[in-house]
Amino acid sequence: MFISRKSLSRSVHDEHQEQPELVETRGGNLCTSVTVWRKSLIVTCKGFTVIDSNGNLVYRVDTYVGGRPMELVLMDGSGKPILTMRRSTNLRLVGTWLIYGGEVGEFCTSEKPVFYVKKSINILNANSNVLAYVYRRSSDKRYAYVIEGSYSHRSCKVLDETKRVVAEIRPKHALKRGISFGLEVFVLIVQAGFDPGYAMGLVLLLDQMFS
């Protein structure tokens with residue numbers, strides 16, 4: 001059984017003035033803004049539904065397994081897999097997820113991960129604001145990106161090596177007073193030059209790490 005995409009769009013956007021998909025930042029840069037709903041379109045599944053400012057479905061995640069899944073697949077609006085994320089079973093990479101491009105086989109012996117995302121352990125990190133580190137290779141000592149903030153408050157930033165913000169999670173606010181979307185609906189803003197699909201993949205992993 002599916003939830004109507006039109007009803008989703010109305011429930012998310014009716015009380016909020018829709019923002020254009022491409023918006024201009026204070027610095028004059030363009031960014032992509034999408035609304036993330038922490039719910040699958042399939043009633044029997046857990047997952048995410050992501051729509052643009054026009055109400056078009058751009059990403060979806062449908063997870064049939066209860067509890068903590070070992071694998072997540074991010075699909076585009078048509079259901080085509082664009083990213084596969086797997087928990088590492090390597091003891092050396094405890095707390096790490098591997099991100100692969102597209103759909104990968106069960107054993108995945110030939111495919112190489114695009115990113116390794118490691119949850120930050122606060123007792124080992126002086127900066128308690130850090131949620132996770134993103135590496136291009138498992139052997140890298142220097143991270144490619146760092147995620148800071150609070151996922152429980154839906155307030156996070158993805159920063160590159162130069163501390164430039166490339167993506168951001170923000171609460172979604174309604175224009176009418178007294179209306180709140182809560183934690184189940186929030187906004188993902190991605191700066192030009194950073195892949196929105198990868199940004200959404202990081203959202204999925206934060207949800208696994210901190211929910």
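Mentor: Val-130 stands opposite Glu-148 in strand S10. This is a predicted model, in which local features need pLDDT of at least 70 and side-chain atom pairs count only at pLDDT 80 or more, while totals for chains, interfaces and linings use all residues. Residues are numbered from 1 along each chain as its sequence is written, and side-chain values use heavy atoms, with hydrogens and water left out.

Strand S9 covers residues 130-135 and S10 covers residues 145-150; the two run antiparallel and are joined by four bridges. Strands (E, at least two residues) and helices (H or I, at least four) are DSSP runs, numbered from the N terminus. Two strands pair if DSSP finds at least two bridges between them. S10 also pairs with S11, again in the antiparallel sense, over six bridges. One of the positions to look at there is Gly-149, whose bridge partner in S11 is Cys-156.

S10 and S11 form a hairpin with four residues between them. Arg-154 is found in that loop, and its phi is near 55°, a positive value in a residue other than glycine. Most residues other than glycine have a negative phi. Arg-154 is buried, with a relative accessible area of 5%. Buried means under 20% relative accessible area, exposed over 50%, and partly exposed in between (1.4 Å probe, protein chains only). Now go on to the loop between S11 and S12, where Lys-163 has its place. Phi of Lys-163 is near 70°, also a positive value. Lys-163, however, is partly exposed, with a relative accessible area of 43%.

A cavity is a set of points on a 1 Å grid over the protein atoms alone where a 1.4 Å probe fits but cannot get out, and lining residues have an atom within 4 Å of a point. Grid points are joined across faces, edges and corners, and a volume is the space filled by probe spheres set on the points. There are two cavities of 30 Å³ or more.

The largest cavity has a volume of about 50 Å³. Its lining includes Ile-147, Cys-156, Val-158, Glu-168 and Leu-202. Strand S11 (155-160), strand S12 (165-171) and helix H2 (196-210) each give two or more residues to this lining, and H2 has the largest share, with four. By class, 10 of the lining residues are nonpolar, none is polar and one is charged. In this scheme Ala, Val, Leu, Ile, Met, Phe, Trp, Tyr, Cys and Pro count as nonpolar, Asp, Glu, Lys and Arg as charged, and the others, Gly among them, as polar.

The second largest cavity has a volume of about 30 Å³. Among the residues that line it are Val-134, Tyr-145 and Leu-202. Its lining is made up of seven nonpolar residues, with no polar and no charged ones.

Of its 211 residues, 48% count as buried.

Notes: 1 Å grid on protein atoms, 1.4 Å probe; cavity = no way out; pocket = protein on both sides within 12 Å on 5 of 7 lines; lining within 4 Å.
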